[in-house]
Amino acid sequence: MSKICLFGDSISKGVIIDELRDRYAMTKNCFANILATGDSALDLSNYSMLGCTIMKGQSMIERHIKDVQSCDVMVLEYGGNDSDHNWKEISENPSGDHLPKTPIEDFVSAYRSIINSLKEMGKKIVMMNLPPIDEHKYFDWISRGLDKSKILQWLGGSDEYIYRWHEIYNVQICNIASEYNIPIIDIRSAFLERRNYSDYLCNDGIHPNEKGHEIIAEVIAEAIPNLEHAMQNKAVFEKGA
């Protein structure tokens with residue numbers, strides 16, 4: 001069995017919203033734990049971190065370099081935090097220019113840098129795309145205690161801009177995977193195929209709830225064996241060439 005290392009953000013870490021206390025909490029029923037238990041458990045080590053951007057992800061990989069060197073497959077999940085903004089600053093100055101936590105050009109550059117480093121180490125890489133967000137839930141969540149009208153002003157009058165902006169990062173993730181011929185686990189489609197995918201997201205509109213984590217676990221469990229087979233065939237082909 002291949003040893004898998006998972007590096008990502010709070011989604012991979014298993015952060016959800018405790019609806020009774022209305023605050024973030026960890027769930028034991030996250031997709032990583034689901035995949036690491038049971039009869040068909042994967043040999044998976046989770047190095048994801050709450051609030052992790054692609055830049056912090058680079059640092060995390062460097063910090064756990066010995067574990068990375070000993071693993072067979074690296075699964076990467078980044079982008080959600082990178083696309084986020086400082087909503088307090090926007091609320092206070094809606095006419096100003098406000099950059100996301102990681103501008104898209106820097107996000108692409110850093111992701112490429114991680115991939116290049118892992119490829120030099122001879123690692124098999126798998127990327128995850130982003131679950132969709134519910135922009136209405138998300139807007140209500142991030143604007144709590146702030147001036148909603150000012151944030152809406154900066155958004156151009158519609159909270160749908162949040163979804164479009166988040167989608168830009170997802171598109172770039174898919175582009176990077178295509179550029180490097182890296183298999184991608186399509187989490188986003190699995191959610192969008194649901195009649196009301198928001199039912200699988202927490203009240204903040206961005207973190208999958210426990211039902212959402214079940215979806216992610218199912219998609220990965222189905223994808224990993226096929227991806228490993230494809231990567232093994234690719235390795236044999238390259239060796240023969």
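**S143 and its loop**

I looked up S143 and found it in the loop between α7 and α8 (148-154), where helices (H or I, at least four residues) and strands (E, at least two) are DSSP runs numbered from the N terminus. The model is a predicted one, in which local features need pLDDT of at least 70 and side-chain atom pairs count only at pLDDT 80 or more, while totals for chains, interfaces and linings use all residues. Residues are numbered from 1 along each chain as its sequence is written, and side-chain values use heavy atoms, with hydrogens and water left out.

I noted that S143 is buried, with a relative accessible area of 1%; buried means under 20% relative accessible area, exposed over 50%, and partly exposed in between, with a 1.4 Å probe and protein chains only. Leaving aside residues up to four places away in sequence, I find S143 touching K148 and I151, a contact being heavy atoms within 4.5 Å.

**The sheet**

I then traced the open sheet of 5 strands, whose order is β4-β1-β5-β6-β7 with parallel pairing; two strands pair if DSSP finds at least two bridges between them. The edges are held by β4 (43-46) and β7 (184-185), each of which has a single partner strand, so one side of each is left without a neighbour in the sheet.

Going into the pairings, I see that β5 (residues 73-77) is joined to β6 by 4 bridges, the two running parallel, and that M74 stands opposite I125 in β6. On to the next pair, 2 bridges join β6 (residues 124-128) to β7, again parallel, and there M128 has I185 of β7 as its bridge partner. I also recorded that β6 is mostly covered, with 4 of its 5 residues buried. Helix α9 (residues 160-179) lies across β6 and β7 and runs at about 160° to β6; the axes are lines fitted to C-alpha atoms, for helices over the stretch in contact, and the angles run from 0 to 180 degrees between N-to-C directions.

I checked G8 next, which sits in strand β1 (residues 3-8) and counts as buried at 1% relative accessibility. Its contacts, not counting residues up to four places away in sequence, are S48, M49, C52, E77 and Y78. The C-alpha atoms of G8 and E77 are separated by 4.4 Å, although the two residues are 69 apart along the chain.

D106, by contrast, I located in helix α6 (residues 104-120), where it is partly exposed with a relative accessible area of 38%.

**The largest pocket**

Last, I looked at the largest pocket, which holds about 330 Å³ of space. Of its 18 lining residues, those closest to the centre are Y24, N81, D84, I206 and H207. On a 1 Å grid over the protein atoms alone, a pocket is an open set with protein on both sides within 12 Å along at least five of seven lines, whereas a cavity is a set of points where a 1.4 Å probe fits but cannot get out; lining residues have an atom within 4 Å of a point. Grid points are joined across faces, edges and corners, and the volume is the space filled by probe spheres set on the points.

The elements giving two or more residues to this lining are α1 (10-13) and α7 (135-142), and α7 supplies the largest share, 3 residues.
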